[in-house]
Structure formats: structure tokens, C-alpha cells
Amino acid sequence: MAIFSTERETSAGNNSHQSELTPTVIGNRDTVVGEIRAESDVFIDGKFKGDIYSKKTISVITGGNIDGTFNSDKMVISGKVQGVVRANHVVIKSGGYFEGEMAYRILIIEENGWFEGNCTLLKEDIIVEDSGPSPVAKKPMKNTSNSSSEES
């Protein structure tokens with residue numbers, strides 16, 4: 001089941017409305033190819049190939065398998081991720097697997113988490129923008145280090 005985010009209004013007292021974002025979900029039996037631009041969190045438990053731009057968190061659940069370019073404020077990896085990740089905060093959970101290139105401000109790799117590839121420490125937070133035909137994360141990359149090992 002794939003659920004794509006929509007904004008909905010909820011009543012918060014007398015005639016005032018509060019805006020609430022529904023997360024984007026790609027279910028465990030789903031395969032999606034393409035591009036997602038989300039204001040909300042994105043949860044992936046199935047397969048995804050393409051690009052995701054999220055102003056919030058991209059979470060790859062244990063059964064999730066994604067390949068592409070991913071820009072977000074935060075990325076949580078419990079499944080398998082291949083490609084390019086740009087995020088302010090990245091967490092590779094125990095059992096999570098990342099292979100590719102990563103640019104980050106904070107990187108946490110739990111015991112039994114796997115990182116293989118190149119990484120770049122960002123000097124400033126990135127801001128995921130959705131203006132223009134193809135939003136990208138602004139990325140002032142300065143410090144570079146290479147890593148190809150299991151870390152804890």
C-alpha cells in the first residue's frame with residue numbers, strides 16, 4: 001500500500017484550524033519508481049528507486065530497500081539504502097545498510113549498522129527547497145573523509 005502525503009485541516013477549538021501533514025508511506029509489498037517531493041515525513045518499507053526530497057525525515061524501515069538520491073533534514077536507515085544521501089542528521093540503525101555517497105552534519109552508526117562509501121561532513125545545515133523544477137539540498141561541502149568499514 002502506498003500512501004502519499006496530503007495536507008489536511010483539523011479543528012482546534014472555536015473556528016480555528018490547524019494544518020496537519022500526513023506522512024508518505026510506501027508499504028512492504030509496494031515497488032515505486034520515480035520522484036517524491038514531500039513536506040512531510042516519508043516512510044519506506046517496500047522498494048523505491050528514484051529521488052526523494054523531504055523537508056522532514058526519510059525513514060527506511062527494516063524491510064525497505066531504496067536506490068537513488070535522497071535529500072532531507074533527517075534520514076533514519078534500518079533497511080538498505082544505496083545511492084546519494086544529503087541530510088543534516090543521519091542515523092544508521094543496527095541492521096541498517098548504507099552504500100554510496102553521504103553528506104551530513106551529524107552521523108550516528110549503531111552497533112551492527114553498516115556504512116560503505118564516501119562521506120562528507122557539512123559545515124552548515126542544508127535546507128531542502130521545493131522551488132523550481134528540481135529541488136535540491138543546498139550543500140556547502142568542505143571536509144571530506146572516506147570510509148569503507150563496519151562502524152559502531
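A: Start with exposure, since you will need the cut-offs. A residue is buried under 20% relative accessible area, exposed over 50%, and partly exposed in between. Bear in mind that this is a predicted model.

Q: Is Lys93 buried, exposed or partly exposed, and why?
A: Lys93 has a relative accessible area of 31%, so it counts as partly exposed.

Q: Which residue forms a salt bridge with Lys93?
A: Glu110 does, and the closest N and O atoms are 3.4 Å apart. Glu110 sits in the loop between strands E10 and E11, while Lys93 sits in the loop between E9 and E10. The two are 17 residues apart. Glu110 is partly exposed because its relative accessibility is 28%.

Q: How many salt bridges are there by this rule?
A: The rule is a Lys or Arg side-chain nitrogen within 4 Å of an Asp or Glu carboxyl oxygen. The count is 5.

Q: Which side chain meets Asp67 in a salt bridge?
A: That of Lys49, at 3.5 Å from N to O. This pair links strand E8, which holds Asp67, with strand E7, which holds Lys49. They lie 18 residues apart. Asp67 is at 30% relative accessibility, so it is partly exposed. Lys49, at 48%, is also partly exposed.

Q: What about Arg105 and Asp125?
A: Their side chains form a salt bridge at 3.0 Å, N to O. Arg105 is in strand E10, and Asp125 is in the loop between E11 and E12, 20 residues apart. Arg105 has a relative accessible area of 34%, so it is partly exposed. Asp125 is partly exposed because its value is 49%.

Notes:
Residues numbered from 1 in each chain as written. Predicted model: local features only at pLDDT ≥ 70, side-chain atom pairs only at ≥ 80, totals over all residues. Heavy atoms only, no water. Helix = DSSP H or I, 4+ residues; strand = E, 2+ residues; numbered from the N terminus. Buried < 20%, exposed > 50% of the residue type's maximum accessible area, 1.4 Å probe, protein only.
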